[in-house]
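User: Hi! Could you walk me through the sheets and the cores of this one?

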Amino acid sequence: MLKLVVACALIDVDGRILMSKRQTGKDHAGLWEFPGGKIEQGETPEQALRRELWEELGVEPCESCFQTFSFVSHKYDDFHLLMPLYLCRQWDGIARPQEGQMIKWFFPDALMKLDLVPADIPLAQEIQDRIPKGQRYAK
């Protein structure tokens, strides 16, 4: 079975990436991941990501603020995951956990030191390789 989900690397003005820690009771509980989630019937990946970021973090990016970055195709035991990763440097609101999860900002070179959800490992490596630490962005 193929699962299509979408994820986002929110990047703050200091060049840090927001990561979310999966809650107890969920698959891969206690592991870090990029925020995002399932693409619902009739949604584009960008619409799904906008909805998920609002539900999970209370932030509202515009769909045109998403920059296509990479994707992962990962085989789990009971399904195959296809997940595009977008970058986003502009949004309205302050990221706060809305579903009881832990969130934290990390510089790109720290991502591979985290206990990551398996599918997110190659994406974190690519971010670390392609986005220099501390690269500041205007918001």
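Analyst: Happy to. First, a definition: two strands pair if DSSP finds at least two bridges between them, and helices (H or I, at least four residues) and strands (E, at least two) are DSSP runs numbered from the N terminus. This is a predicted model, where local features need pLDDT of at least 70, side-chain atom pairs count only at pLDDT 80 or more, and totals for chains, interfaces and linings use all residues. Residues are numbered from 1 along each chain as its sequence is written, and side-chain values use heavy atoms, with hydrogens and water left out.

User: Thanks! Which residue stands opposite Met19 in E7?

Analyst: That's Lys104. Strand E2 (residues 17-21) pairs with E7 in the antiparallel sense, over five bridges.

User: What is the strand order in that open sheet of three strands?

Analyst: The order is E3-E2-E7, with antiparallel pairing. Strand E3 (32-33) and strand E7 (102-106) are at the edges with a single partner strand each, so one side of each is left without a neighbour in the sheet.

User: OK, now the open sheet of four strands. What's the order there?

Analyst: E4-E1-E6-E5, and the pairing is mixed. E4 and E5 are the edge strands, each pairing on one side only. On average, neighbouring strands here are turned by 20° against each other, direction ignored; axes are lines fitted to C-alpha atoms, for helices over the stretch in contact, and angles run from 0 to 180 degrees between N-to-C directions.

User: Are E1 and E6 parallel or antiparallel?

Analyst: Strand E1 (residues 2-10) and strand E6 (residues 80-88) are parallel, with seven bridges. Leu4 stands opposite Leu82 in E6. E1 also pairs with strand E4 (residues 36-38), in the antiparallel sense over three bridges.

User: And how many bridges join E5 to E6?

Analyst: Nine, and those two run antiparallel. In E6, Leu81 is the bridge partner of His74.

User: Switching topic: which residues touch the most other members of the largest nonpolar core?

Analyst: Ile17, Met19, Phe34, Met83, Leu85, Leu111 and Ile127, out of 26 residues. A nonpolar core is a set of buried Ala, Val, Leu, Ile, Met, Phe, Trp, Tyr and Cys residues joined through side-chain atoms within 4.5 Å; buried means under 20% relative accessible area, exposed over 50%, partly exposed in between (1.4 Å probe, protein chains only).

User: Where does the largest share of this core come from?

Analyst: From E6, which gives four residues.
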